[in-house]
Amino acid sequence: MITPRWWSQPFPPTGAIASEGIRNQLGRPPVDPLTVFVRETAQNSWDARLPDVETVYRLELTTVAPTHRPTWERLLTPPAGVQEHLGVGRAVRTPNLRLLSVVDRGTKGLGGPTRADQLADGRRDWISFVLNVGEKRDTTQGGGTYGYGKAVLYRLSRVGTILVYTRTADEHGGLSSRLIGIALGSSFDNRGRVDTESRPFTGRHWWGDVRDDHVEPLLGEDADEVARSLGLTPFGPGESGTTLVVIDPDLDEFDDMDHAARHLADTIAWQLWPIMLPERGAQRLTPEVVSSGVPHPVPDPARTYPLRMFVAAYRGLKSDAATTLESGNPRKRLGRFALERAVVVPMTAGAASMAAGFAGVEGDPHHVCLMRSPELVVRYYEGPTTSSVHSVYAGVFRADDDLDEVYAASEPPTHDNWVYEQLTGPDRTFVRVTFTRLREQLTVFRAPVQAAVSTRSRTALGAASSYLGGLVAAAFAAAPENSTASAGVRRSQGAATAGGTRPESSGAVDDRRPAAAGRARVTTLVEPHLEEIEGALVVVARYGIDALGSVRLEARLAVATWEGREDEPPAGAERPRVRHWSTPDGVVAGDSCTLVGPAEVDLVVTPVPDTATEIGLVATPATETLPASAT
């Protein structure tokens, strides 16, 4: 069996790209490295997919097992003369060495010649990924454009080192394995060494079958045997694909590997959902995330808010509800645009959604997902917010296949935007007008500018001493796992916030001060949420009443719509209703109840299925009459 060794690339007389140049090709993406990692590696796997076979894309977080550690140290320790320039030598000597592997199956692997100076009439996958830098795209309507994605692998490794283990069809049509290591250190020279000729080196290193002036991969049984000795994921009979292993990944921002795995699973859903959908049949990507042997399921985008809104818009692209966007001069079809609207409970953005472009704390969509022919997410383009925090929309724009090369050429190395400024002529116009047309489509959502209105003239002081509002979307919530409630209803992920309806005449008392005599202050102790009572799905909220004396509470319920509140439903239509109040003195029926403060009270509401229920709570001293203008 051939024993693999490290080989460092010297600068040839005509020059070559240094390792620093490769590292800098990605620039400094504004999103977290794992998001770029998922986008780039999944794009490589998707471009390499085989026809009529599901593409398995699996991310594995593992630690080198104690039984394999001696092999890692023996085989991957660099020669003494380059150890200071190649950090993998330190990594393989440390306990608990972590690995992040990208395993794709149902793909063609990395094939073609193993030397960059060989002519190739067909495939050049190996040359493009392992050897050369900055090659043009060779996959029709593929995601990659210049092969920059591999730079993120070296960047994610704290020692700049990866292993490439692949199985692909050879020149005779049979399957053959290949194994090689690649490292990016720093460019250096070996002056001062007496045992060799002094010369500069690029900082690029390969690990494999070392020849006089280059490195070949381990092949066939040699590759499989070394891969097994390192504990790499093996190939099954008749299976092709690639395993990329990032040695010592930088995961410092996560508490542990499970935390990182959950983030990777969420990121996959946000970035890859269009190619995960079941209607694609065999031509879809099946994602998996595993941490130390424990699976971490990837959220189903068709059942996960807000991704399911983008899925609905995507599925509507072929319907009459979609719109064809066009350029006027020159006249050209740009692509199809579809939109989905909803009324929701405002939610907070998570790490994966923020990395996807949902900036700040806003987790609700007012975005359009941009994509082209590979149907990978390019970007979530942010549109105007609506006039209500409860009204949201999600759109999808898919570029026309005839302009795929144009949109691809406008993408930066990270493939996360369309930048028309880097194009010229009609191509520049097509991409620029795309954003113009999208803004035109979204203008309807732009909230009107309104003058401020004083509350003093709207209601007498003290008439409404406290008003709390909230929204619960019954259509977006699920009953507990042991519930017998109907399927398709999901627990609310975002709780309604106090003052959600912001009535101008609320006259609410500052929560930081004690309630004055004759006044009532209401605070939300438990946000509105869904529970099951006697087999029925209900909305429950708990309020605290800080008052001296008797207080009358009145619940005002409505169905929230895009146009606002539906106070008067259509004839014969259901409307949300108060099921009961749970007070210190017992259960009270009706829209209102009276109790002596200070106290706590639970409001239980029966919502209308598949609607968003708006809950308003008005508190007044029991001896006062609430003026009609107070709300």
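**Close-up views of a predicted model**

View 1. Apart from neighbours within four places in sequence, His 367 is in contact (heavy atoms within 4.5 Å) with Phe 310, Gly 357, Phe 358, Tyr 380, Tyr 381, Glu 382, Gly 383, Tyr 393, Ala 394 and Gly 395. The model is predicted: local features need pLDDT of at least 70, side-chain atom pairs count only at pLDDT 80 or more, and totals for chains, interfaces and linings use all residues. Residues are numbered from 1 along each chain as its sequence is written, and side-chain values use heavy atoms, with hydrogens and water left out. His 367 lies in strand S15; strands (E, at least two residues) and helices (H or I, at least four) are DSSP runs, numbered from the N terminus. With a relative accessibility of 1%, His 367 counts as buried (under 20% relative accessible area, 1.4 Å probe, protein chains only). The C-alpha atoms of His 367 and Tyr 393 are 7.0 Å apart, although 26 residues separate the two in sequence.

View 2. Strand S17 (residues 391-399) is largely enclosed by the rest of the structure, because nine of its nine residues are buried. Ser 391, Tyr 393, Gly 395, Phe 397 and Ala 399 point one way from S17, whereas Val 392, Ala 394, Val 396 and Arg 398 point the other way. Strands pair if DSSP finds at least two bridges between them. S14 (residues 331-343) runs antiparallel to S17 and is joined to it by nine bridges, with Phe 337 opposite Phe 397. S15 (residues 366-371) pairs with S17 in the parallel sense over six bridges, and Met 371 has Arg 398 of S17 as its bridge partner.

**View 3. Crossing of helices H2 and H8.** The axes of H2 (residues 33-47) and H8 (residues 257-272) come within 10 Å and cross at roughly 55°. H2 is therefore oblique to H8. Leu 34, Thr 35, Val 38, Arg 39 and Ala 42 in H2 meet His 263, Leu 264, Thr 267, Ile 268, Gln 271 and Leu 272 in H8.

**View 4. Asp 125 in helix H5.** Asp 125 belongs to H5 (residues 125-131) and is buried, with a relative accessible area of 13%. Beyond neighbours within four places in sequence, Asp 125 contacts Lys 108, Gly 109, Leu 110 and Gly 111.

Conventions. Axes fitted to C-alpha atoms, helices over the stretch in contact; angles between N-to-C directions. Parallel < 35°, antiparallel > 145°, perpendicular 65-115°, else oblique. Buried < 20%, exposed > 50% of the residue type's maximum accessible area, 1.4 Å probe, protein only.
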